[in-house]
Amino acid sequence: MANLVFLPIADQIESGTYLLYDGACGAGGMLTVAEDILQRIARERGKQVSTHLFGQEINAETYAICEADLLLKGEGETADNIVGGPEHSTLSNDVFLSREFDFMLSNPPYGKSWKTDLQHMGGKWEIRDPCFVIEHAGDPSNSWSPA
């Protein structure tokens with residue numbers, strides 16, 4: 001899946017620093033694979049890139065696995081950029097709200113109820129977070145929330 005993020009723009013990747021974000025990072029696998037793919041693409045094109053990973057995970061167990069994996073790999077600074085636990089839902093408690101990322105990828109859990117998040121966000125028709133409200137066909141009240 002991480003290839004889908006980078007391959008369409010592979011020739012546009014320049015040397016520099018890139019911030020990668022996964023709002024449902026689970027154990028962190030897709031995020032670290034994305035980092036590896038970006039590094040490989042850059043290397044193949046003679047570019048040098050530095051990456052910083054950020055993630056948020058609502059499940060305490062998979063968050064702990066992600067943290068442990070990063071720490072065991074010696075990536076303590078990256079581990080500091082991963083937050084998690086039941087109070088850290090990306091939808092209702094976005095801890096990176098003011099940060100902009102160069103790449104975002106996410107594979108949100110299927111089968112999770114988002115009703116509690118939806119209530120915290122204002123309800124289906126009163127969503128307060130502008131990233132979930134779109135205007136379509138002149139109607140600004142369309143919601144892209146998962147609930």
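## Bridges, rings and a helix

Glu14 is partly exposed, with a relative accessible area of 43%. Here, buried means under 20% relative accessible area, exposed means over 50%, and partly exposed is whatever falls in between (1.4 Å probe, protein chains only).

Before going on, keep in mind that this is a predicted model: local features need a pLDDT of at least 70, side-chain atom pairs count only at pLDDT 80 or more, and totals for chains, interfaces and linings use all residues. Residues are numbered from 1 along each chain as its sequence is written, and side-chain values use heavy atoms, with hydrogens and water left out.

How confident is the predictor? The pLDDT score gives its confidence in each residue, from 0 to 100. The protein averages 84, and 75% of its residues reach 70 or more. Helices (H or I, at least four residues) and strands (E, at least two) are DSSP runs, numbered from the N terminus. Among these elements, strand 1 (residues 16-22) has the highest mean pLDDT, at 97, while strand 6 (residues 139-143) has the lowest, at 58.

**Salt bridges**

Back to Glu14. Its side chain meets that of Lys47 in a salt bridge (3.5 Å, N to O). This pair links distant parts of the chain, 33 residues apart: Lys47 sits in the loop between helix 2 and strand 2, and Glu14 in the loop between helix 1 and strand 1. What counts as a salt bridge is a side-chain nitrogen of Lys or Arg within 4 Å of a carboxyl oxygen of Asp or Glu. Side chains of opposite charge can pair when their charged atoms come close. By this rule the model has five salt bridges.

Asp11 and Arg45 make another one, at 3.1 Å from N to O. Asp11 belongs to the loop between helix 1 and strand 1 and Arg45 to the loop between helix 2 and strand 2, so this pair ties together parts that are 34 residues apart in sequence. Arg45 also bridges to Glu44, where the closest N and O atoms are 3.8 Å apart. Put together, Asp11, Arg40, Glu44 and Arg45 are linked in a network of salt bridges.

Here is how open some of these partners are:

| Residue | Relative accessible area | Class |
|---|---|---|
| Asp11 | 67% | exposed |
| Glu44 | 52% | exposed |
| Arg45 | 34% | partly exposed |
| Lys47 | 27% | partly exposed |

**Helix 2 and a neighbour**

Helix 2 (residues 29-44) has 16 residues. From its first C-alpha to its last it reaches 22 Å, close to the 22 Å expected at 1.5 Å a residue (the expected span is 1.5 Å times one less than the number of residues). Which of its residues are buried? They are Met30, Leu31, Thr32, Ala34, Glu35, Ile37, Leu38, Ile41 and Ala42. An α-helix has 3.6 residues a turn, so residues three or four places apart point the same way. The buried residues of helix 2 pack against several elements, including helix 1, strand 1 and helix 3 (60-72). After the helix comes Gly46, whose phi is positive, near 70 degrees.

Ala10 lies in the loop between helix 1 (2-6) and strand 1, and at 3% relative accessibility it counts as buried. Leaving out residues up to four places away in sequence, Ala10 touches Ile41 and Arg45, where contact means heavy atoms within 4.5 Å. Ala10 and Ile41 are 31 residues apart in sequence, but their C-alphas are 6.6 Å apart in space.

**Aromatic pairs**

How many aromatic pairs are there? The structure holds seven. Rings of Phe, Tyr and Trp (its six-membered ring) pair if their centres lie within 6.5 Å; planes under 30 degrees apart count as stacked, over 60 as edge-to-face, and the rest as tilted.

Tyr18 and Phe103 form a tilted pair, 5.8 Å centre to centre with 45 degrees between the planes. Tyr18 is in strand 1 and Phe103 in strand 4, so the pair ties together parts that are 85 residues apart in sequence. Both residues are buried. Tyr21 and Phe101 are stacked instead, at 4.7 Å and 15 degrees. Tyr21 is in strand 1 and Phe101 in the loop between strand 3 and strand 4, 80 residues apart. Tyr21 is buried at 7%, whereas Phe101 is partly exposed at 22%. Ring pairs link Tyr21, Phe54, Phe96 and Phe101 into a cluster.

**Two cysteines**

A disulfide is a covalent bond between the sulfur atoms of two cysteines. The rule asks for a pair of cysteine sulfur atoms within 2.5 Å, and by it the count is zero. Cys25 is buried at 5% relative accessible area, and Cys66 is buried at 2%.

Conventions: pLDDT = per-residue confidence, 0-100.
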